[in-house]
Amino acid sequence: MRRTAPGALAGAALLLTLTTGCGGGASADDGGTVTVTVGYQSRTINTVTAGTLLRSLGYFEDELRKRGERDGVTYKVEWQDYATGAPITAQMTAGKIDIGSMGDFPLLINAARGVQLKRPTRLVSVTGYNLSGGLNTVVTGPGSKLRTLTDLRGKKVSTSVGSAADGTLVRALQQAGLDPEKDIRKLNQQPAVGASALQAGSADALSQFVAWPGLLAFQGRAKALYDGAELNLPTFHGVTVNEEFAEKRSAVVEDFLRAQGRATTYLHAHPVAASESVAKATGLPAEVVHLYNGAQGIATFDTTLKPALIAALKKDVPVLASAKLVGDVDVDAFVDDRYLKRVYGSGYAKALAAGPPARRGGEVWLKGKDATTAFATSAEVLRYVAAHRDAVRAAYVPDASSGTLWFADRAVWVADGPELRPYVTESAARADVAAHPGARTVSYATALKRAGSAS
């Protein structure tokens with residue numbers, strides 16, 4: 001924990017901070033105040049239950065206030081916002097952040113750096129996940145002639161090295177028969193810088209995590225080249241804590257997880273309100289937030305440390321090791337579900353076994369409405385949009401193959417007789433056409449017209 005002290009105690013307090021840092025969390029300052037520092041990524045919106053949304057709801061402060069009333073201590077929360085997980089890890093290993101949230105690949109780097117610098121960390125919960133990997137996407141400019149991953153040979157691809165999106169890029173290229181180190185020119189850039197590079201033409205493609213691909217597609221500044229769900233490997237974000245802090249302030253860790261659980265419940269109960277709240281806090285369009293965080297969104301929010309996610313984390317280690325970003329990582333030692341189990345009590349086993357909710361055929365968000373309308377099929381979405389054109393704020397449909405939710409007007413549509421099937425990428429749509437004689441790709445306007453005339 002951070003310690004501050006007035007007057008003659010300042011030197012001693014500084015020495016204590018340098019030797020134990022905020023990860024120590026041993027005592028309050030002379031005023032009886034304990035400051036808990038939380039690192040989060042406001043615009044990485046599948047971490048919102050441990051960051052942006054949690055902060056706006058005030059649930060963590062509420063839990064700590066109740067604890068303070070019991071133990072006679074005043075608790076203060078300091079929120080620090082970052083663009084990626086790397087600086088959160090740097091601050092944690094420097095003893096300046098107690099609790100942080102980040103993606104699966106950064107979590108492994110967090111674990112490795114913690115051991116290396118003798119400030120071990122522990123993974124204590126999950127924020128949002130996708131069992132197929134749909135949270136990461138490779139996009140190109142809207143007018144790009146690139147059609148498949150193999151077209152990236154010799155091209156400049158922007159990503160954030162060591163991120164979950166970088167992991168998706170590496171795996172996808174390898175699966176396509178390309179060497180990620182030799183066959184492309186990788187640009188290591190922050191998401192916003194990479195987005196600007198793509199628009200300026202100094203990058204041919206961009207591989208990034210939520211919410212950048214959806215944002216750029218929504219703005220008409222990019223189109224999807226590769227849907228991460230094609231890998232069919234789970235990806236997730238989670239919460240990591242300093243081990244020393246967790247041991248000395250275990251009740252505070254449990255309060256954080258209890259607050260995160262409340263934020264998760266709120267998101268499930270009020271998906272549109274949650275999307276609007278996150279949009280207001282981040283400046284992202286609410287329609288983009290909802291693509292990922294909505295009732296049928298790409299991310300599933302569940303705090304439990306599911307075996308499938310931990311197994312996927314273990315498979316990530318060799319990818320990072322081959323890039324010389326980590327050595328060996330003891331994932332089993334890094335994962336610590338003790339605090340979450342105490343928060344859940346007897347209900348943990350049931351929650352752990354629960355999978356993502358059944359996906360439907362998409363949803364439509366009308367202007368001025370505080371709820372969306374769900375549909376059983378993408379064709380029903382199209383018919384509804386055709387009948388309410390001027391009133392539609394956003395329409396979402398799942399990829400016919402991967403199930404990844406996407407904007408209906410940004411999807412690539414395949415007409416096959418009376419059927420209309422949406423895809424995130426052109427390559428997936430072309431594969432459908434090749435497999436179904438007589439099928440063809442059609443524009444969104446044509447798909448709407450066909451759906452409208454069939455109603």
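How many nonpolar, polar and charged residues does the lining of the largest pocket have?

1. The lining has 10 nonpolar, 8 polar and 2 charged residues. Ala, Val, Leu, Ile, Met, Phe, Trp, Tyr, Cys and Pro count as nonpolar, Asp, Glu, Lys and Arg as charged, and the others, Gly among them, as polar.

2. This is a predicted model: local features need pLDDT of at least 70, side-chain atom pairs count only at pLDDT 80 or more, and totals for chains, interfaces and linings use all residues. Residues are numbered from 1 along each chain as its sequence is written, and side-chain values use heavy atoms, with hydrogens and water left out.

3. The largest pocket holds about 310 Å³ of space. A pocket is an open set of points on a 1 Å grid over the protein atoms alone, where a 1.4 Å probe fits, with protein on both sides within 12 Å along at least five of seven lines; lining residues have an atom within 4 Å of a point. Among the 20 lining residues, His 268, Thr 300, Phe 301, Asp 302 and Pro 357 are closest to its centre. Helix α10 gives the largest share, 4 residues.

4. Helices (DSSP runs of H or I, at least four residues) and strands (E, at least two) are numbered from the N terminus. Five strands form an open, mixed sheet, in the order β7-β6-β8-β5-β9. β7 and β9 stand at the edges with a single partner strand each, so one side of each lacks a neighbour in the sheet.

5. Strands β6 and β8 run parallel, joined by 2 bridges. Val 157 stands opposite Ala 205 in β8. Two strands pair if DSSP finds at least two bridges between them.

Conventions. Grid points are joined across faces, edges and corners, and a volume is the space filled by probe spheres set on the points.
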